[in-house]
Amino acid sequence: MKILVINCGSSSLKYQLIDMTNEEVLAKGLAERIGIDGSRVKHRTIGKEEVIIEKPMSNHKVALEIVLNALTDSEHGAIKSMEEISAVGHRVVHGGEKFSGSVVIDDEVLKVLRECSDLAPLHNPPNIMGIEACQELMPNTPMVGVFDTAFHQTMPKSSYIYPLPYELYEKYGIRKYGFHGTSHKYVSNRAAEILGKDINELNIITCHLGNGASLAAIKRGKSIDTSMGFTPLEGLVMGTRCGDIDPAIVTFLMEKENMSISEVNNLLNKKSGVLGISGVSSDFRDIEEAAAKGNERAQLALDKFTSRVKKYIGAYAAIMGGVDVIVFTAGLGENSPETREAICEGLEFMGIEIDKDKNKVRGKETIVSTENSKVKVLVVPTNEELMIARETKALV
């Protein structure tokens, strides 16, 4: 069985073709600048040279046509025909409360996804465009939606409800949804496999740390809390997002700076986080470099970030009644030994001890805690595409 995994952004389309008999990636690529001048597809079949296809792409359907042609090309393709694709798995950011798991996509599912677009206006519309393009070009191929929010639907109501008038939850669905669910699910299951443990017997805290970042408290394989909320703005300090702040700051700024709703929204989502504190960059590599050269604001941004992660680890250990495993993943979590060490420093009282030599690893599956550490600390590179492919296979 070969499954095509699609992840559509507003002007991009990432894809992987995975052979599920051995879970090997056959081909992968990126269509970028869709609807913009200079659009192109970077395509690579494993074992062959990467090819760059520069063609105008007015919409996602045109981009997908180019991708499918690349996959079946006699020279740089991975399959002989589209008939070899058994199903398509689509990453969908927001499923609201309707979906607690992945689903085969039909007209009713698409209707719900459109209704959820108010909750994820930047993400769900392009996700839907990708689904509709695939349906048009591959009408007889099953389509599956895999939701970023679905894994967190196991949260108890006390975790996801906000202390606002309850009628607002009933009227608008204002509650914590959480995101990065596919990543949190993959790395928690993989960590249990690495340790040779039954996930149903573990309390795991997963730390998905990148430009967008979130933690999840996973008790016996189920998410019971997560740091992102109604939107991805809540929680940790991120690349450009502020994370948790006093909500009164919003109205204060609107009054003092005469800011509109869109201006304050842009400030909190695009100009804050480590970028706002450091004034250097939203890229942690740039900030680490600046801090190493003595930039105090860059160091302050790093300290604020690691302090917030540490705070959530403590909170999640408390609500689960202890923690057995901490997992670091995503760009920063996988590739920054300094960040992992700074987060774990001072948590020895919880039974967390980092082995500094083991922790030097970047981008590889490794146990980085000491032999005597009561809590096991792991680096597990995330693989959302494989998780989407597995969910798709299970349904079709």
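Modeller: Before we start, domain bounds come from an automatic or database domain assignment. For this protein that assignment gives domain 1 (2–147) and domain 2 (197–379), and their centres, taken over C-alpha atoms, are separated by 30 Å. This is a predicted model, where local features need pLDDT of at least 70 and side-chain atom pairs count only at pLDDT 80 or more, while totals for chains, interfaces and linings use all residues. Residues are numbered from 1 along each chain as its sequence is written, and side-chain values use heavy atoms, with hydrogens and water left out.

Colleague: Thanks! What makes Y166 and Y169 an aromatic pair, and which kind is it?

Modeller: Rings of Phe, Tyr and Trp (its six-membered ring) pair if their centres lie within 6.5 Å; planes under 30 degrees apart are stacked, over 60 edge-to-face, and the rest tilted. Y166 and Y169 have 5.4 Å centre to centre and 65° between the planes, so they pair edge-to-face. The structure holds 6 aromatic pairs.

Colleague: Why is Y169 called buried, and what is Y166 called?

Modeller: Buried means under 20% relative accessible area, exposed over 50%, and partly exposed in between, using a 1.4 Å probe and protein chains only. Y169 has 13%, so it is buried. Y166, at 36%, is therefore partly exposed.

Colleague: How do you know that Y312 and Y316 are edge-to-face too?

Modeller: Their ring centres are 5.6 Å apart and their planes meet at 65°, so that pair is edge-to-face. Both lie in helix α11 (residues 296–320), 4 residues apart. Y312 is buried at 11%, and Y316 is buried at 2%.

Colleague: What makes R175 a charge over the ring of Y160?

Modeller: The rule asks for NZ of Lys or CZ of Arg within 6 Å of the ring centre and within 35 degrees of the ring normal. R175 lies over the face of Y160, at 3.6 Å from the ring centre. Y160 also forms one aromatic cluster with Y166 and Y169.

Colleague: Why do you speak of a nonpolar core, and which residues of the largest one touch the most other members?

Modeller: The name is used because such a core is a set of buried Ala, Val, Leu, Ile, Met, Phe, Trp, Tyr and Cys residues joined through side-chain atoms within 4.5 Å. The largest has 44 residues, and I205, L209, L215, F305, I313 and I326 touch the most other members. Helix α11 gives the most to this core, with 10 residues. A second, separate core of 40 residues includes I53, L64, L110 and L113.

Colleague: How do you know that N7 and E384 cluster in space?

Modeller: UniProt, in an unreviewed entry, lists both under "binding site". They are spread over 378 residues of sequence, yet the largest C-alpha distance is 10.1 Å. UniProt positions follow the numbering used here, feature names are shortened, and annotations may be inferred rather than shown by experiment.

Colleague: What is N7 in contact with, and what about E384?

Modeller: Contact means heavy atoms within 4.5 Å. Leaving aside neighbours within four places in sequence, N7 contacts S12, L13, K14 and R91, and E384 contacts T182 and S183. N7 is found in strand β1 (residues 2–8), whereas E384 is in helix α14 (residues 384–395).

Note on methods
Helices (H or I, at least four residues) and strands (E, at least two) are DSSP runs, numbered from the N terminus.
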